[in-house]
Amino acid sequence: MTKKINDSFQTSLAQGGENTTQPFKPIIPGIFTSTTYQRDEDNQYRSGRVYSRADNPTYDAPEKLIAQLEHAADAKLFASGMAAATAVFQALKPGDVVLAPDIMYWALRNWLKGLATDAGLHVHFVDMTQLDQVENKITQLQPKLIWLETPGNPMWTVSDIRAIADIAKHQGAHVAVDSTVATPILTRPLELGADIVMHSATKYLNGHSDVIAGALATRENDDFWKRILAIRAQGGAVPSPMDAAQLLRGMRTLFLRVRESCNSAMFLAQQLEQHPMVSEVLYPGLPSFAGHEIACKQMEGGFGGMLSIRLVGGEQQAVGTAAKTRLWHRATSLGGVESLIEHRASIEGAGTPVPNDLLRLSVGIERKEDLLADLVHAIEASA
């Protein structure tokens, strides 16, 4: 049984956080398009602004709101979720060891196996749901960074953040968590012992499939965080002022969207689990799901809007089902107000750990009964 969603988040989000554009006090913060700022007569920058590649006043409101939601010491926006995630790894040094989950976002997994390895990082993939394996790897390899993704895309595996963070702390490793699917509404990794939390803000934080952005939040303003900020500023991995403003607008409805998606996803998971043509439903909210007990401990108010189904008819039925849906759009991404369906194995290609009979479902905010009827019709029509 999950605890109730923190109602104070609803108010903070609806108000867009603290208004940072004094002295005008607009209800909606302004958008600052200037790339550069004037020095004082003695050549100082007492305004606190120098150049927008490092900092833009439009970022202030969404960054402060994300930090508030995550109970973080600081938070920064990035140009994309990948820009945010890779900045964490780029802050390491050649020769450093990294542990990452064997089930995770495919694009980042490919980056770790390719460019990150080429740059000198030693990346090891491990089943993060098996604590004994994780502890053995940490003891054996002495990693500098442990990267978690929970729930893990697209099998929705659940890692025990607190337990892994406790093990990592004794070995001096940083723990970073991709919490894109959970959002700070459901899980706050920093409270569970993680050092950094990452969001692909393109997904749930924005929620309308019209902004590319990422975010990082930190528990402490330590040296590792300062290295990440330097990489962000010097590499210019920041969003446009327009995207930052659009992101804040999307975040104002985050509480309502996540609550609705969670309710609908649970309904769909329970109904689809009973369908004879569905061999398995992967959703942390189901008691039959392997990570359910841990999800109950670290997810509050719901289990997310993402689930996957495996079909009795295999790959042919899975691809056919996606082709025959009317309300579920065949498209990459997740976390928007519209529901999406995708055959992940064919998207990820060779080497994917995803079964070819699996469909990934991103549950939007449409009427849940309509979504179920449309999906069941497509499943049966493709049999």
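Residues are numbered from 1 along each chain as its sequence is written. Because the model is predicted, local features need pLDDT of at least 70 and side-chain atom pairs count only at pLDDT 80 or more, whereas totals for chains, interfaces and linings use all residues, and side-chain values use heavy atoms, with hydrogens and water left out.

Select Tyr 105, Asn 153, Ser 200, Lys 203 and Leu 334, which among the 26 lining residues are the closest to the centre of the largest pocket (a pocket being, on a 1 Å grid over the protein atoms alone, an open set of points where a 1.4 Å probe fits, with protein on both sides within 12 Å along at least five of seven lines, and lining residues having an atom within 4 Å of a point). The largest pocket holds about 390 Å³, and its lining divides into 12 nonpolar, 8 polar and 6 charged residues.

From Tyr 105, follow its backbone nitrogen, which the side chain of Glu 149 reaches at 2.8 Å.

Next select Met 155, Thr 157, Phe 289, Ala 290 and Gly 291, which lie nearest the centre of the second largest pocket, lined by 17 residues. Its volume is about 310 Å³, and the lining has 8 nonpolar, 4 polar and 5 charged residues.

Conventions: Grid points are joined across faces, edges and corners, and a volume is the space filled by probe spheres set on the points. Ala, Val, Leu, Ile, Met, Phe, Trp, Tyr, Cys and Pro count as nonpolar, Asp, Glu, Lys and Arg as charged, and the others, Gly among them, as polar. A polar contact is a pair of N or O atoms within 3.5 Å; within protein, one must be able to donate a hydrogen and the other to accept it, and residues adjacent in sequence count only if both atoms are side-chain atoms.
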